[in-house]
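I opened my notebook and went through this one a piece at a time. Here is what I looked up.

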Amino acid sequence: MTRWRRCASRRGSRASTSGTPGGWRPPRRPRSVQSRRPATCLVARVDPARGTAVYASAGHLPPAVFGAEGRGELLDVPVGPPLGTGVGGYEALARPIGPGQTLLLYTDGLVERRGEDIDASLARLTALRTSAGARPVDVVDAVCEGPDARHAEDDVAVVAARLRPRPPQEVGRAAVADA
């Protein structure tokens with residue numbers, strides 16, 4: 001699976017990891033850039049060994065997971081304020097990632113349409129069905145070619161990732177050979 005890392009601003013600020021659930025807090029913005037528009041962010045930290053992912057959202061749309069059978073669902077990630085607002089309070093959520101599930105992260109341009117309620121936009125995404133056993137690249141193709149995706153009014157970025165199955169390790173064999 002693609003390795004996700006959180007990034008902190010390099011412009012004279014440091015990320016703090018204390019005081020919030022999950023130990024993550026966004027960096028404070030210098031006063032010189034506080035008048036700029038806030039940004040949303042979704043962080044996904046995947047632990048392939050445990051088959052879990054920890055999510056934290058700063059005002060971003062929720063990630064989606066497409067199961068091995070091709071059905072999509074939105075993950076109910078607690079939403080904190082956008083970055084750059086000067087308000088903290090980010091809650092992390094851990095969820096398992098099962099075999100064959102594809103994690104989908106996307107920008108709002110994929111789903112938002114002018115004059116349409118965001119819930120209707122997100123329902124359009126989860127109503128999409130992919131073929132059973134679809135590869136991550138097939139899921140990306142499906143959501144980019146899916147219902148109304150061609151009428152995007154904003155930039156679109158989509159990332160799909162899936163855990164790769166690991167071959168079984170022979171536990172104990174090496175211990176016996178060393179004895």
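**Cavity lining**

I began with the second largest cavity, whose lining residues divide into 5 nonpolar, 1 polar and 1 charged. The lining is made of Tyr55, Val65, Leu75, Arg95, Pro96, Ile97 and Gln101. I noted a volume of about 40 Å³ for this cavity, and the structure holds 2 cavities of 30 Å³ or more. A cavity here is a set of points on a 1 Å grid over the protein atoms alone where a 1.4 Å probe fits but cannot get out, and lining residues have an atom within 4 Å of a point. Grid points are joined across faces, edges and corners, and the volume is the space filled by probe spheres set on them.

**Ground rules**

This is a predicted model, so I kept in mind that local features need pLDDT of at least 70 and side-chain atom pairs pLDDT 80 or more, while totals for chains, interfaces and linings use all residues. Residues are numbered from 1 along each chain as its sequence is written, and side-chain values use heavy atoms, without hydrogens and water.

**Layout**

I found 3 helices and 8 strands, running β-β-β-β-β-β-β-α-α-β-α from the N terminus. These are DSSP runs numbered from the N terminus: helices are H or I with at least four residues, strands are E with at least two.

**Cores**

Which residues have the most contacts inside the largest nonpolar core? They are Phe66, Leu104, Tyr106, Leu110, Val111, Leu125 and Val143, in a core of 15 residues. Elements giving it two or more residues include strand S7 (102-106), helix H1 (118-127) and helix H2 (136-145). Apart from it lies another core, of 12 residues, with Tyr55 and Val65 among them. A nonpolar core joins buried Ala, Val, Leu, Ile, Met, Phe, Trp, Tyr and Cys residues through side-chain atoms within 4.5 Å. Buried means under 20% relative accessible area and exposed over 50%, with partly exposed in between (1.4 Å probe, protein chains only). Buried residues make up 34% of the 179 residues.

**Ala49**

Is Ala49 buried or exposed? I put it down as exposed, because its relative accessibility is 63%. Ala49 sits in the loop between strand S1 (41-47) and strand S2 (52-58). I also checked Arg166, 117 residues from Ala49 along the chain: their C-alpha atoms are separated by 9.2 Å.

Definitions and conventions. On a 1 Å grid over the protein atoms alone, a cavity is a set of points where a 1.4 Å probe fits but cannot get out, and a pocket is an open set with protein on both sides within 12 Å along at least five of seven lines; lining residues have an atom within 4 Å of a point. Ala, Val, Leu, Ile, Met, Phe, Trp, Tyr, Cys and Pro count as nonpolar, Asp, Glu, Lys and Arg as charged, and the others, Gly among them, as polar.
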